[in-house]
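Hi,

Here is the structure I promised to pass on.

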Amino acid sequence: MTPILEPPNSSEIDECQSDPCKNGGTCRDLPGSFACLCPDGFMGIHCEAEVDACESSPCQNGGDCENYSGSYLCVCPEGFFGYHCETASDPCFSSPCGSRGYCLPYNGSHSCTCKVGYTGKNCEKELLPPTSLKVEGVEDTGVLISWHPPEDPIAKQLTDGYAVTYVSLDGSYRRTDFVDRSRSAHQLRALASGRAYNISVFSVKRNVNNKNDISRPITLITRTRPHPVEGFEITNVTASAITVQWALHRLKHSTVSRVRVSIRQPGDVEHRTVELNSSVAKYTFWDLQPGERYIIHVTTLSGMGTEDHPSESLATAPFHVWTRPLPPRNLTASRVGATTVYMTWEQPPASSSSVEGYIINVTTSQSVKSRYVPNGKLSSYTVRDLLPGQRYRLSVTAVQNTEQGQVHSDPAHLYVVTLQRDGTPERRWSQGGHPRILRNRLPPAFLPELRLLADHDISEEPSQAPRYTELVDGRGRISAKFSSSPSKAITMKTRRYPPNCSMNPCRNGGTCVMDTESYQCDCSPGFKGRHCELACKKVPQSCTRLYSETKSFPVWEGNVCHYLYKRVYKVHQDVCYKESCESTVSKKTASRYRRGQGSAVILNAWEEIRVFLYK
């Protein structure tokens with residue numbers, strides 16, 4: 001633009017003060033004149049005239065030029081396109097893709113980007129989705145789905161494959177897998193346990209331009225299984241109750257909302273089921289039948305609301321548990337001797353589980369001895385080889401044989417103290433451990449028969465009915481059983497030691513120790529008795545010992561491998577030691593006197609007894 005100069009004036013005036021420039025022109029003051037710098041699209045001394053951009057006729061092929069403030073736009077006639085209508089024809093002019101796609105010109109031609117559900121060069125073919133989408137299997141980290149191809153044969157031929165998209169409902173996870181057309185199932189992997197997913201399957205048609213056409217989706221929502229409980233175990237079993245416990249990890253089981261525990265017997269159709277909050281980790285089933293087999297399952301639950309698409313974990317390996325049989329009732333020590341205890345008890349009711357045998361335990365402060373008696377109808381037992389004056393805990397346990405081995409009842413306990421050898425009155429013991437003195441007791445039924453050794457020249461006569469004689473000394477009552485014999489007497493002199501240590505009544509190196517009223521003998525090793533008159537030694541003899549061990553056996557049930565735990569009892573041959581004691585008193589004192597029929601035994605080796613036997 002050429003500025004217009006005004007003639008010089010002797011008095012300098014700023015002509016720009018009057019704002020002579022129009023349409024955004026910039027005024028520049030000159031000596032005696034001004035100049036307007038016009039923006040694009042305008043011209044003139046005051047920028048008052050608009051430039052006609054169409055003056056140069058930029059539009060070709062009959063295109064109409066429209067002036068827009070110094071620029072122009074060519075409106076092309078039909079069949080032409082381009083900025084200046086320079087392209088002879090428009091491939092998309094006739095809308096070859098229709099309303100089913102979007103047309104784009106490409107090298108003198110066009111390409112259609114089809115909308116969802118259509119395919120073909122001009123999107124003229126309908127792309128149908130698969131049908132019958134369903135869940136075949138659910139795991140804690142995966143889902144197996146299946147579907148059917150499109151029912152229309154033409155649509156089936158158009159399908160090159162399938163796109164499987166799965167998105168977590170909270171939007172934190174999204175993934176798409178492509179599946180070949182020859183397959184109609186897919187395994188979704190690497191999912192989070194106990195979470196819900198929206199699964200969509202599309203039919204896919206691959207195009208040359210690498211732009212794939214897809215059908216409308218078929219969808220479903222499912223939830224993966226939560227993790228099962230950990231550390232499931234049986235903590236306690238009684239005749240009428242079973243207690244179980246488990247553990248839930250804070251992160252691993254974060255989606256677990258409840259725990260379902262169920263129990264049933266093999267013949268039951270329905271389960272006894274209870275649902276517990278995830279904060280509970282222990283439960284006890286009550287009111288069970290004794291000696292019966294029960295099957296226990298534990299599962300976890302996620303998404304308990306109906307709209308949350310709930311899911312359940314796989315059950316733990318079923319636990320097969322037998323309740324304990326009922327224990328023996330009213331266990332009583334009917335007779336307590338110095339070395340034996342005769343126990344009786346009542347068997348469980350006939351309606352309860354069948355008992356196969358009993359385990360007898362004899363416990364002291366230093367040892368436990370056990371014996372298994374395979375007789376389920378047993379109701380009494382004699383414990384032998386006990387030590388005099390010792391406290392014992394006797395227990396009887398009922399045993400039931402099951403598929404997992406032997407099941408034991410709770411033991412019935414009994415505490416007894418055996419008699420001293422010096423004839424302390426016999427006591428009857430009950431399960432409470434309190435003694436009762438036996439008074440007016442009938443003669444014992446099972447004492448060894450004592451006979452006198454007959455002279456060699458006297459023939460043995462047929463034995464008559466036995467008679468009982470009680471020998472009583474200063475320390476208690478002693479019962480003995482004698483055979484019938486003629487009116488003959490056996491004389492044995494008796495002599496007592498004074499009740500102090502002045503004459504040292506202790507034999508075999510024993511030390512006499514005085515107490516409040518009498519004395520006691522502290523015997524040397526290998527000697528026993530009130531006066532250390534018995535020399536004792538341990539004699540080996542064959543015996544059996546009862547051992548138990550727990551073994552696990554794999555069992556397949558319902559395509560699930562679980563383990564049965566069995567307790568196995570074994571009887572091993574062993575060598576036991578029985579204490580044998582012999583008297584060390586003189587022959588005159590300890591000899592057996594022979595006269596007539598029958599025999600007499602010295603019951604206390606420290607004194608001599610005169611015994612008369614009468615018919």
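**Salt bridges**

Let me start with Glu312 and Arg260, whose side chains meet in a salt bridge at 3.2 Å, N to O (a salt bridge being a side-chain nitrogen of Lys or Arg within 4 Å of a carboxyl oxygen of Asp or Glu). This pair links distant parts of the chain, with Glu312 in strand β25 (residues 311-312) and Arg260 in strand β21 (residues 258-264), 52 residues apart. Helices (H or I, at least four residues) and strands (E, at least two) are DSSP runs numbered from the N terminus.

Before going further, please keep in mind that this is a predicted model: local features need pLDDT of at least 70, side-chain atom pairs count only at pLDDT 80 or more, and totals for chains, interfaces and linings use all residues. Residues are numbered from 1 along each chain as its sequence is written, and side-chain values use heavy atoms, with hydrogens and water left out.

Back to the pair: Glu312 counts as partly exposed because its relative accessibility is 28%, and Arg260 counts as partly exposed at 25%. The classes are buried for under 20% relative accessible area, exposed for over 50%, and partly exposed in between (1.4 Å probe, protein chains only). Salt bridges that share partners also join Arg258, Arg260, Glu275 and Glu312 into one network.

The structure holds twelve salt bridges. One of them is formed by Lys205 and Asp160, at 3.8 Å from N to O. Lys205 lies in strand β16 (residues 196-205) and Asp160 in the loop between α1 (153-158) and β13 (161-168), so this pair ties together parts that are 45 residues apart in sequence. Lys205 is partly exposed at 22% relative accessibility, and Asp160 is partly exposed at 26%.

Another joins Lys528 to Glu579, where the closest N and O atoms are 2.6 Å apart. Here too distant parts of the chain are linked: Lys528 is in strand β41 (residues 527-528) and Glu579 in strand β43 (residues 560-583), 51 residues apart. Lys528 is partly exposed, with a relative accessible area of 34%, and Glu579 is partly exposed at 34% relative accessibility.

**Nonpolar cores and a surface patch**

What does the largest nonpolar core consist of? It has 22 residues, and those with the most contacts inside it are Val341, Met343, Trp345, Tyr358, Ile360, Tyr381 and Leu394. By nonpolar core I mean a set of buried Ala, Val, Leu, Ile, Met, Phe, Trp, Tyr and Cys residues joined through side-chain atoms within 4.5 Å. At least two residues of this core come from each of β27 (329-336), β28 (341-346), β29 (357-363), β31 (380-383), β32 (391-402) and β34 (412-417). The most comes from β32, which gives four residues.

Leaving aside neighbours within four places in sequence, Ile360 has contacts (heavy atoms within 4.5 Å) with residues including Met343, Trp345, Val373, Tyr381, Val383 and Val396. A second, separate core of 17 residues includes Phe232, Val237, Val244 and Val298.

On the surface, Tyr68, Leu73 and Val75 form a nonpolar patch with about 260 Å² of accessible area together. Patches are made of residues with over 30% relative accessible area and no salt bridge, with like charges joined within 9 Å and nonpolar side chains (Val, Leu, Ile, Met, Phe, Trp, Tyr) within 5 Å; the areas come from the Shrake-Rupley method with a 1.4 Å probe, and for residues only the protein chains shown count as cover. Tyr68 belongs to strand β5 (residues 64-68) and is partly exposed at 44% relative accessibility.

**Individual residues**

Most residues other than glycine have a negative phi. Ser132, not a glycine, has a positive phi of about 55°; Ser132 sits in strand β11 (residues 131-138) and is partly exposed at 43% relative accessibility. Asn330 also has a positive phi, near 55°. Asn330 is in strand β27 and is partly exposed, with a relative accessible area of 45%.

Thr222, in strand β18 (residues 218-223), is buried, with a relative accessible area of 11%. Not counting residues up to four places away in sequence, Thr222 touches Val135, Val138, Val143, Arg195, Ala196, Tyr197 and Ile199.

**Confidence**

The protein chain averages a pLDDT of 78, and 77% of the residues score at least 70 (pLDDT is the predictor's confidence in each residue, from 0 to 100). Over residues 424-495 the pLDDT is below 50, and this stretch has 156 contacts in the model beyond near neighbours in sequence. Where pLDDT is low, the predicted coordinates should not be read in detail.

Best wishes
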